[in-house]
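I opened this notebook to keep track of what I looked up, entry by entry. The sequence and the structure come first, and my notes follow.

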Amino acid sequence: TAIYGFSYILSRVLYYVVFTLYLTRVFNHDTSQFGIYRDLYLYVAIILVFLTFRMETTYFRYAREDRPAVTAMSMTLLAGLSLGFMVLLWIFIHPVAGWLEYPHMTKHILMLGGVLFFDTMTAVPFAILRQQNRPIRFLALKLGSIFLNIILVLTIFEVLPRVASGQAWYQEYFNADSKLYYVILSNLVSSAVTFLLMLPMMRSQVLRWDPTFLKRMLKYSWPLVLVAITGVINQYSSIAFQKYFLPDDVMTNLAKGGVYAAAASLAIILSLFTTAFNYAAEPFFFAHKDKEGSREVYADAALAFTIAGSVIMLMLLAYIDLFQFLLGSNFRQGLNVVPILLVSFLLLGIYYNFSAWYKLADLTFIGATIAIAGTVITIVLNIILIPLIGVIGSAWAALACYLFMCVTSYVQGQKYFPIPYKINRMLGWIAGALVIYFLMEWSRKLYGGAMLTGLIVNTLFVAVYLFLIYTFERHLLLQARGRKAQQ
């Protein structure tokens, strides 16, 4: 579990550093290119859910029952879906590019189709490695693909301009105005290499064709597909709405959307913590399901997450003047969305805590219903707010979505699987962090916004918040130590 978790979290961090922060510098001359990048990869994420059809999760569910059959069914299904998708994309590439508002980017879109094909074809083999308890090979292939992608990007944008600039072959094959093309090409090459490395393992699998078994698998997987798509839309769809509903032309809208996406990436630091917590929390929740006092443990975990998340949120806001330098200079004008998105991601993490009950109680359909309702809120509010107040409307839509999901999941959970969450204390620490943030902003007017003075003042505010946590919540740590000693 540690190896799988390490590879997952490290991959997220590496992608964040290179393909979010670094690319804001690569595309600093043209913020619309970063907007296009984020927009295209939104569609990649959604289509990948459809093409994989959550077969990696379905494989775990049925592998012990009939591994040859589930292997044959899942790999055959994904091969058919991915090949069919590539054929259709090739035939209809010009209408697709026109619909996406990128009529001159057919090569980019076809390359992304190739990325989808290779990533789809390796989804089940990666699940096989996990099911067969081969974490080292899993880690090597996962991280190897990521490192190859990063090396290719850095070679193209950092090494080649220094060592080959002025040479005829470099001038012929590399166009400085086509940086997005090379980013996608690097992704395609790394995905293709991973596919080739896993091809021998695919050939060696024992297969057994069983259409009846496939029907059972599809019946299990389609709700998971629905939940996954709602998650992608809720977290990553802002740029797509901004492209169509901001009042300017598409490229201007994408430029504004790119600035929004870059600023939002600072809030994603909290989202990375939330993701790491969720990755560790699910097995923890299930492991404690039948233990005495488990529901009190769940309540303490939610409180601990809220405190830790509030601290991270407050520190990001306190030192936002420093964190902004992680972005390219032309992407620093959208920082007004960061506070709203930080609260949104904190609520998302709390929702992960509150949503444990429907997994433990085998009522996942209620979770799917809540996720779908959240997506409806996201879509409707983006459509309404973006024309009225601009890109910040997407941030408010995210906040409304996650607030709804938190409240609804809590209310339903208390009905079907009561857990004594310490709601007042959780709300108190969130409110405390926000009050201190507003005091920080108010104090800016007193010292004229000087950066060094602001950092000193904000550090004192953070210290006060940490002191309050130590004063009122240190028994929480003592309780955790006591439980560990008893175990």
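Is Lys 422 buried, partly exposed or exposed? I looked this up first, keeping in mind that the model is predicted, and found that Lys 422 has a relative accessible area of 24%, so it counts as partly exposed.

**Entry: the partner of Lys 422**

I then looked for what Lys 422 meets, and its side chain forms a salt bridge with that of Asp 300, at 2.8 Å from N to O. This pair links distant parts of the chain, since Asp 300 sits in helix H12 while Lys 422 belongs to the loop between helix H17 (392-416) and helix H18 (423-447), 122 residues apart. Asp 300, with a relative accessible area of 7%, is buried.

**Entry: other salt bridges**

I noted a count of eight salt bridges. One of them joins the side chains of Asp 39 and Lys 243, again at 2.8 Å from N to O, and it links helix H2, which holds Asp 39, with helix H10 (residues 238-245), which holds Lys 243, across 204 residues. Here I found both Asp 39 and Lys 243 buried.

I also looked at Glu 441 and Arg 444, whose side chains meet at 3.2 Å from N to O; both lie in helix H18, three residues apart, which is about one turn of the helix. Glu 441 is partly exposed at 30% relative accessibility, and Arg 444 is partly exposed at 21%. Together with Asp 321, these two are linked in a network of salt bridges.

**Entry: the overall fold**

Stepping back, I recorded 19 helices and zero strands for the protein. Its radius of gyration is 24 Å, close to the 23 Å that the globule rule gives for 487 residues, so I wrote it down as being as compact as a globular protein of that length. The C-alpha trace spans about 60 × 60 × 45 Å along its principal axes, and 51% of the 487 residues count as buried. Among contacts with a separation of 6 or more, 82% are between residues 24 or more positions apart.

I turned next to the largest nonpolar core, which has 157 residues, and in which Leu 23, Phe 27, Tyr 37, Leu 40 and Leu 341 touch the most other members. Helix H11 (residues 250-287) gives the largest share of this core, with 15 residues. Leaving out residues up to four places away in sequence, I found that Phe 27 touches several residues, including Phe 34, Tyr 37, Leu 180 and Phe 331.

I also checked Thr 306 in helix H12 (residues 294-318), which counts as buried because its relative accessibility is 0%.

Helix H9 (211-236) and helix H16 (364-389) each supply at least two of its residues, and H16 gives the largest share, six residues. Ile 389 lies in H16 and, at 44% relative accessibility, counts as partly exposed.

**Entry: two positive phi angles**

Last, I looked at backbone angles, bearing in mind that most residues other than glycine have a negative phi. Arg 54 has a positive phi of about 50 degrees, and I located Arg 54 in the loop between helix H2 (31-52) and helix H3 (55-91). Glu 101 has a positive phi near 70 degrees and lies in the loop between helix H4 (93-99) and helix H5 (106-131).

Technical notes. Residues numbered from 1 in each chain as written. Predicted model: local features only at pLDDT ≥ 70, side-chain atom pairs only at ≥ 80, totals over all residues. Heavy atoms only, no water. Core = buried A, V, L, I, M, F, W, Y, C linked by side-chain atoms within 4.5 Å. Buried < 20%, exposed > 50% of the residue type's maximum accessible area, 1.4 Å probe, protein only. Helix = DSSP H or I, 4+ residues; strand = E, 2+ residues; numbered from the N terminus. Contact = heavy atoms within 4.5 Å. Rg over C-alpha atoms; globule rule 2.2 N^0.38 Å. Salt bridge = Lys/Arg side-chain N within 4 Å of Asp/Glu carboxyl O.
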